Amino acid sequence: MAAAAPGALGALRASRVRLVAACCARLGPAAWAGGPAPRRGYSSEVKTEDELRVRHLEEENRGIVVLGINRAYGKNSLSKNLLKMLSKAVDALKSDKKVRTVIIRSEVPGIFCAGADLKERAKMHSSEVGPFVSKIRAVINDIANLPVPTIAAIDGLALGGGLELALACDIRVAASSAKMGLVETKLAIIPGGGGTQRLPRAIGMSLAKELIFSARVLDGQEAKAVGLISHVLEQNQEGDAAYRKALDLAREFLPQGPVAMRVAKLAINQGMEVDLVTGLAIEEACYAQTISTKDRLEGLLAFKEKRPPRYKGE
């Protein structure tokens with residue numbers, strides 16, 4: 001294939017940077033004006049029958065939201081109903097400016113998410129399968145596109161769509177006893193929730209192909225060795241070692257400037273998809289959105305006065 005002409009390549013880069021600049025502008029201080037966004041009907045209380053528990057943590061953890069998958073009878077598999085609940089929760093989180101970090105975990109001991117609900121799928125007509133997989137992909141994409149940091153706390157089994165759900169998160173932590181793999185080729189299909197794209201980006205093309213071709217399942221230590229997860233921990237008696245580590249990481253994120261966190265994520269995500277020159281232009285466009293913020297001035301003042309900054313996301 002012939003190389004793109006320099007002028008065409010420059011136009012493509014400029015178009016990409018303009019798009020990111022527009023996204024940055026939406027994440028900038030203007031988007032934070034007018035007071036806090038409504039809670040969208042969430043509360044810290046949960047109903048035991050819910051397949052997805054949404055908790056807004058309070059006090060020193062204020063700003064951290066935990067999505068707890070709670071479908072024990074189906075090994076947290078992705079059913080139509082669970083997907084609907086995930087989609088609704090993620091849609092609300094997109095525009096909630098109080099949210100600083102999202103943790104996805106399981107409320108079921110020993111299981112993160114076993115993938116798609118194969119019992120439900122077995123009852124589907126072949127014409128329904130494609131749209132259902134598209135829905136899984138769309139919900140997982142929405143999670144990947146959340147503007148705030150996301151952490152997957154893998155304290156148990158994460159197979160197929162369950163691992164794809166974790167791959168959509170910015171950071172993954174797991175217990176050493178956890179099991180992870182894209183096992184779809186065993187069922188004569190392929191990963192359909194983004195696994196063929198996000199796994200190579202996470203661990204490299206050759207190793208991703210090996211794992212997908214073999215349907216191999218890794219434990220936490222093996223997943224850490226190949227770069228699939230950032231942290232591995234020995235499981236505790238409560239079975240929530242990965243969640244506790246995710247909570248520690250989320251607490252580290254809380255003191256940082258909210259606008260800066262959002263545009264930093266945008267700059268990294270967009271920059272990884274383009275060449276370095278375009279990526280640096282994207283970074284410049286994103287940096288520009290922090291210059292006029294009150295938070296930037298507060299950060300400088302706090303540094304001068306030797307005190308912790310009090311950021312408001314403005």
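This is a predicted model: local features need pLDDT of at least 70, side-chain atom pairs count only at pLDDT 80 or more; totals for chains, interfaces and linings use all residues.

Val173 has His231 as its bridge partner in β10. Strand β10 covers residues 231-233, and it pairs with β7 in the parallel sense over three bridges. Two strands count as paired if DSSP finds at least two bridges between them. Helices (H or I, at least four residues) and strands (E, at least two) are DSSP runs, numbered from the N terminus.

Residues are numbered from 1 along each chain as its sequence is written, and side-chain values use heavy atoms, with hydrogens and water left out.

Now look to the other neighbour of β7. Strand β5 (residues 150-154) pairs with β7 in the parallel sense over four bridges. Here Val173 is the bridge partner of Ala153.

Is β7 mostly covered or mostly open? Strand β7 spans residues 171-175, and five of its five residues are buried. Buried means under 20% relative accessible area, exposed over 50%, and partly exposed in between (1.4 Å probe, protein chains only). Ile171, Val173 and Ala175 lie on one side, Arg172 and Ala174 on the other. Both faces are covered.

Step back to the whole sheet. Six strands form an open sheet in the order β1-β2-β3-β5-β7-β10, with mixed pairing. The edge strands are β1 (52-56) and β10, and each pairs on one side only. From one strand to the next, the twist averages 20°. Helix α2 packs on this sheet. It touches β1, β2 (64-69) and β3 (101-106), and its direction makes about 20° with that of β1. Such axes are lines fitted to C-alpha atoms, for helices over the stretch in contact, and angles run from 0 to 180 degrees between N-to-C directions.

Helix α2 (residues 80-94) also has a helix partner. Its axis and that of helix α4 (residues 126-144) come within 10 Å and cross at roughly 30°. So α2 is roughly parallel to α4; angles under 35 degrees count as roughly parallel, over 145 as roughly antiparallel, 65 to 115 as roughly perpendicular and the rest as oblique.

Which residues meet? From α2 come Lys80, Leu83, Leu86, Ser87, Val90 and Lys94. They meet Glu128, Phe132, Lys135, Ile136, Val139, Asp142 and Ile143 in α4. Contact means heavy atoms within 4.5 Å.
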